[in-house]
Amino acid sequence: MHLPRPVSFPSSPWVALCLAAALVGCGAPIEDAAEATGRSSDALVSTNGLTVNGLTVNGLTVNGLTVNGLTVNGLTVNGLSTNAFQSWFSQDPASSEMVMRYVVKCAMAAGMRLTYQSPATGKSYQWDGSLGLAPGWAGGQPATVAEQQVVSACLAAHANKYGVHVNISVLGRDAVGGAMPYSTDELSTYNEKEACFFGNLFTNEGVFAANDGAYLDYDESTVRTCGLSSWSETTACTPMKHVGACRYYCTLDTTRTYYTRCTYNGVNYRPITTRMLPQDIYRCGDGVCQLTEKCGTSNTADSCAADCGACP
């Protein structure tokens, strides 16, 4: 398994989701495309850290990241030179920079780099590719629907409402059906099935998450709750919508390792599937007051007396 590589996503009018750090190991191909073998025998690994607010779609089409900006002109310098993009970026440079880091890492391949100099401040930015999920868009072509979908899913997969870094394995296919490679070592290390993510942020269709593993027990919690949810926390990551279990919407690949297509509201989407480390699921009573736990008098994450003590 490769060492983790940083991955980032956009935030602000583009995508306001909760991205936290994650080790992303990439998996294999997309459903209606031909089966493909992995690009290598090794897993691709990346780190996420986007917050839920980074996936907000307010102004996505209006402010130019779609109609007049990146989706039409391609994820290149030409796309960044439009007034629409510059206006969007300058509204909140710190948040927008985070979003662009994740967009580029999801869409562009390793070894590719996108640079931008803000005309408002003169500050220069550079964002490195990693996963290569949208090769046409990365090369300057208008983003296809498949590219919009898989990049949206990738952004959602890197989000958590706490905005912290967590190692995860990411599996799926790129926009042209190519398999994201993974290893048996990766699957055995990240052996906790987490979630599937799908949708389209570029068209305001929204983004959706569903449990691939079992729902969290009453005394369990995780910073990855945008994907691996409990019955009581299915709306914790607005604007990402939790819709239940992957098996109700999605089709597995022939090896039953990851999902190749998810259908929701009559639309077929290209999803991303995630797995996580077992130790990133916390249990009230393990002796550590985790970020996801609170003081109280009971044995649930919201009232964990054993780990966090009684509230003052």
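Start by selecting Cys 250 and Cys 262: the torsion about their S-S bond is about 110°, so this disulfide (a pair of cysteine sulfur atoms within 2.5 Å) is right-handed. The two sulfurs sit 2.0 Å apart. Cys 250 belongs to strand β8 and Cys 262 to strand β9 (residues 259-264), 12 residues apart, so the pair links distant parts of the chain. Helices (H or I, at least four residues) and strands (E, at least two) are DSSP runs, numbered from the N terminus. Colour by accessibility and Cys 250 comes out buried at 11% relative accessible area, with Cys 262 buried at 0%. Buried means under 20% relative accessible area, exposed over 50% and partly exposed in between, using a 1.4 Å probe and protein chains only.

Before moving on, a word about what you have open. This is a predicted model, where local features need pLDDT of at least 70 and side-chain atom pairs count only at pLDDT 80 or more, while totals for chains, interfaces and linings use all residues. Residues are numbered from 1 along each chain as its sequence is written, and side-chain values use heavy atoms, leaving out hydrogens and water.

Cys 196 is in strand β4 (residues 192-200) and Cys 246 in the loop between β7 and β8 (250-252), 50 residues apart. Both cysteines are buried.

Next, select β7 itself (residues 241-245). Here 4 of the 5 residues are buried, so the strand is largely enclosed by the rest of the structure. Look for Ala 209 opposite His 242 in β7.

Now jump to helix α3 (residues 83-91) and show Ala 84, Phe 85, Trp 88 and Phe 89, which are buried. They cover an arc of only 125° around the axis, which puts them on the same side of α3; the arc is that of the directions from the helix axis to the C-beta atoms. What do they pack against? Select α1 (70-73), α2 (77-80), α4 (93-107), β1 (113-117) and β2 (124-128), with contact meaning heavy atoms within 4.5 Å.

Finish at Thr 82, which caps the N-terminal end of α3, a side-chain oxygen lying 3.2 Å from the backbone nitrogen of Phe 85.

How values were computed:
A polar contact is a pair of N or O atoms within 3.5 Å; within protein, one must be able to donate a hydrogen and the other to accept it, and residues adjacent in sequence count only if both atoms are side-chain atoms. Two strands pair if DSSP finds at least two bridges between them.
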